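Here is a protein to look at.

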Amino acid sequence: MASVAGRVAASMDGHPPLDTAVLQGFYDRMRAVAPAAVGAIERDRADDPGRAFSDTACGRLLRSLAPDGVRALGMWVHHWCMRFYDDDTRAGLRLLREIARRPQLGWTPDEVRWMLRESHTVGPAAEARFTLPLAAAAELAPDTLRIDMLAPRLPGPCPDR
């Protein structure tokens, strides 16, 4: 599983690169949940979109996971939605929003940094690109992340506020 930005870009964004072993751990954890996530999203795409989330395949998958698994699923679905934002990602985005609503998942600064880098790289075409990273960042201690990692990078000069 390659990221939208790729591993090289992660070190070229003006921030220190994430440790290779940490990145590999992320990819390994995401690979473990990916088959179940793909199956759940595909079943939900074909199902009634008005169904209560708890009754969906994604809802059942989410309930079956411990916090570490939920974080891995969140990172995977965030990554998937960033890569396929121009496809039908409604079921994936619904899952992403549900994970973002869950408090106290134990997000790590490295997990949040990785998601933020993915979000910055894909650009504004993916509307929900900051949904999960910002929810996860809210769980971190103050001053854990630099503020410039949280603010979207705008092309050209910043407009007056």
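Predicted model: local features only at pLDDT ≥ 70, side-chain atom pairs only at ≥ 80, totals over all residues.

Local features need pLDDT of at least 70 and side-chain atom pairs count only at pLDDT 80 or more, while totals for chains, interfaces and linings use all residues. Residues are numbered from 1 along each chain as its sequence is written, and side-chain values use heavy atoms, with hydrogens and water left out.

Q: Why is S119 called buried?
A: Buried means under 20% relative accessible area, exposed over 50%, and partly exposed in between (1.4 Å probe, protein chains only). S119 has 0%, so it is buried.

Q: Why does R101 count as exposed?
A: R101 has 57% relative accessibility, which is over 50%, so the label is exposed.

Q: What makes R71 and D68 a salt bridge?
A: A salt bridge is a side-chain nitrogen of Lys or Arg within 4 Å of a carboxyl oxygen of Asp or Glu. For R71 and D68 the N to O distance is 2.8 Å, so the pair qualifies.

Q: What makes R71 and E111 a salt bridge?
A: Their closest N and O atoms are 3.0 Å apart, so this pair qualifies too. R71 lies in helix α4 and E111 in helix α6, so the pair ties together parts 40 residues apart in sequence. Helices here are DSSP runs (H or I, at least four residues), numbered from the N terminus.

Q: Which residues do shared partners join into one network?
A: Salt bridges link R29, D68, R71 and E111.

How values were computed
Helix = DSSP H or I, 4+ residues; strand = E, 2+ residues; numbered from the N terminus.
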